[in-house]
Amino acid sequence: MVRQKDGVWWMAAIEPSEAPDSATATVRSARKARSTSKTVLCLPKGLVDPGEKALDAALREVREETGITAALVTKLADIKYVYVRSWGDGERVFKIVTFYLLRYESGRIDNISEDMRIEVARAKWVPLEEAPKLLAYRGEKQMAKQALEYLLSHSEV
């Protein structure tokens, strides 16, 4: 999710919370990444609810995790990967994450419900140009680069 202010593109990023042991895998992996760096930044994301379309889930997750209402610019990509659960049954999981480029419509960053603080310590704006260096995960770094390239080549956005 991006917005332009004073000629600079900014991207919404989140810092995952330090969560109790019953937390989701995403938070656990973020906590693990945190042990090697001072702050983990990642993009808002989550599961698609039954009967929900991927885009609707993306818009909902951005609103829940950042406090921002956004609109679709374009689909950026699907990233596919396999990981082995480090908890429970240790099963291999095939995952597809769909990334959309969304543009700010309204709201105030980090204006999220107390319930979301279990997952999100804080949401903040980061300069899109710096996002590939700031984000913790390779696929998300790649999406930040693609978003910047798209915005630079589509001045109508």
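**N111 and its setting in a predicted chain**

N111 sits in the loop between β4 (92-107) and β5; helices (H or I, at least four residues) and strands (E, at least two) are DSSP runs, numbered from the N terminus. This is a predicted model in which local features need pLDDT of at least 70 and side-chain atom pairs count only at pLDDT 80 or more, while totals for chains, interfaces and linings use all residues. Residues are numbered from 1 along each chain as its sequence is written, and side-chain values use heavy atoms, with hydrogens and water left out.

Q: Is N111 buried, partly exposed or exposed?
A: Buried means under 20% relative accessible area, exposed over 50%, and partly exposed in between (1.4 Å probe, protein chains only). The relative accessibility of N111 is 45%, so N111 counts as partly exposed.

Q: Which residues does N111 touch, not counting those up to four places away in sequence?
A: A contact means heavy atoms within 4.5 Å. With residues up to four places away set aside, N111 touches T66 and G67.

Q: Which element of the chain has the lowest mean pLDDT?
A: pLDDT is the predictor's confidence in each residue, from 0 to 100. Strand β5 (residues 120-127) has the highest mean, 98. Over residues 19-37 pLDDT stays under 50. The lowest mean, 46, belongs to helix α1 (residues 25-34).

Q: In what order do the elements run from the N terminus on?
A: The chain has four helices and five strands. From the N terminus on, their order is β-β-α-α-β-β-β-α-α.
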